[in-house]
Amino acid sequence: MLSLLLGVDIRYAIGASLVSVIATSSGAAAAYVREGISNIRIGMFLEVATTLGAIAGATLATHISTGAVSIVFGLVLIGSAFLSWKPRVKNASDASPDALATRLRLNGSFPESGGIRKYHVRRVPLGWSLMFGAGTLSGLLGIGSGAMKVLAMDQAMRIPFKFRPPPAIS
């Protein structure tokens with residue numbers, strides 16, 4: 001919007017976007033931690049990759065043209081939309097744990113309406129690599145990497161979506 005409607009240079013628009021993404025993400029993360037539905041260990045592990053990727057992306061952004069940044073942005077949006085349409089794979093809770101995830105203590109559980117549900121994290125190196133890529137795109141394009149990270153955690157690492165059902169109406 002800043003670039004298209006107001007003529008702001010895309011690099012300045014990227015910076016403004018990142019500031020707002022950080023603010024909203026921090027607020028949401030605090031609420032999930034307070035509710036006890038976040039796996040802090042996975043979050044911290046994957047944020048290292050995302051942060052390193054963001055530094056790489058911001059560095060890369062200083063060396064490529066704004067036209068190339070715009071093309072990459074369009075391709076990322078198309079790719080993300082395509083991956084979002086793929087059917088979601090059901091997380092098999094009885095599958096054997098990933099050895100690296102177990103060693104790093106990334107497996108966890110969360111409250112569900114029927115009790116506590118355990119899950120096992122899969123393909124840790126692939127997930128870490130995808131988080132690095134998401135961070136790189138975030139630093140390069142000034143977009144939140146959440147959409148890409150959710151796809152990576154769901155489809156590659158098989159981390160289940162967690163939610164609490166709405167309270168029953170009395």
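On a 1 Å grid over the protein atoms alone, a pocket is an open set of points with protein on both sides within 12 Å along at least five of seven lines, and its lining residues have an atom within 4 Å of a point. Grid points are joined across faces, edges and corners, and a volume is the space filled by probe spheres set on the points. The structure is a predicted model, in which local features need pLDDT of at least 70 and side-chain atom pairs count only at pLDDT 80 or more, while totals for chains, interfaces and linings use all residues. Residues are numbered from 1 along each chain as its sequence is written, and side-chain values use heavy atoms, with hydrogens and water left out.

The largest pocket has a volume of about 1400 Å³. Its lining is made up of 36 residues, of which Ala29, Tyr32, Glu47, Lys149 and Met153 are the closest to the centre of the pocket. Two or more lining residues come from each of helix 2 (10-35), helix 3 (40-61), helix 6 (124-141) and helix 7 (146-156). Here helices (H or I, at least four residues) and strands (E, at least two) are DSSP runs, numbered from the N terminus. By class, the lining of the largest pocket holds 20 nonpolar, twelve polar and four charged residues. In this division Ala, Val, Leu, Ile, Met, Phe, Trp, Tyr, Cys and Pro count as nonpolar, Asp, Glu, Lys and Arg as charged, and the others, Gly among them, as polar.

For the second largest pocket, the volume is about 350 Å³. The lining of this pocket consists of 14 residues, and Met1, Ser3, Ile10, Ala13 and Phe73 lie nearest its centre. At least two lining residues are supplied by each of helix 1 (2-6), helix 2 and helix 4 (66-85). Helix 2 gives the largest share, four residues. Ten residues of the lining of the second largest pocket are nonpolar and four are polar, with no charged residue.

The protein as a whole has seven helices and two strands, which follow the order α-α-α-α-α-β-β-α-α from the N terminus on. Of its 170 residues, 28% count as buried, where buried means under 20% relative accessible area, exposed over 50%, and partly exposed in between (1.4 Å probe, protein chains only). Among contacts (heavy atoms within 4.5 Å) between residues at least 6 apart in sequence, 76% join residues at least 24 apart.

Helix 3, which contributes to the lining of the largest pocket, has 22 residues and spans 30 Å from its first C-alpha to its last, close to the expected 32 Å. The expected span is 1.5 Å times one less than the number of residues. Buried positions in helix 3 are Ile42, Leu46, Ala49, Thr50, Gly53, Gly57 and Ala61. An α-helix has 3.6 residues a turn, so residues three or four places apart point the same way. The cover over the buried residues of helix 3 includes helix 2, strand 2 (115-119), helix 6 and helix 7.

The N-terminal end of helix 3 is capped by asparagine 39, with a side-chain oxygen 3.2 Å from the backbone nitrogen of arginine 41. Asparagine 39 belongs to the loop between helix 2 and helix 3 and is buried, at a relative accessible area of 18%.

Leucine 52, also in helix 3, is partly exposed at 42% relative accessibility. Leaving aside residues up to four places away in sequence, leucine 52 touches Trp128 and Phe132. Leucine 52 and glycine 139 are 87 residues apart in sequence, with 9.6 Å between their C-alpha atoms. A further pair is formed by alanine 81 and alanine 147, which are 66 residues apart along the chain and have C-alpha atoms separated by 9.7 Å. Alanine 81 is located in helix 4 and is partly exposed, with a relative accessible area of 36%.

Positive phi values in residues other than glycine occur at arginine 105, where phi is near 55 degrees, and at arginine 158, where phi is near 60 degrees. Arginine 105 is placed in the loop between helix 5 (99-103) and strand 1 (108-112) and counts as exposed, at 57% relative accessibility. Arginine 158 lies in the segment after helix 7.

Technical notes
1 Å grid on protein atoms, 1.4 Å probe; cavity = no way out; pocket = protein on both sides within 12 Å on 5 of 7 lines; lining within 4 Å. Polar contact = N/O pair within 3.5 Å; in protein donor to acceptor, adjacent residues only side chain to side chain.
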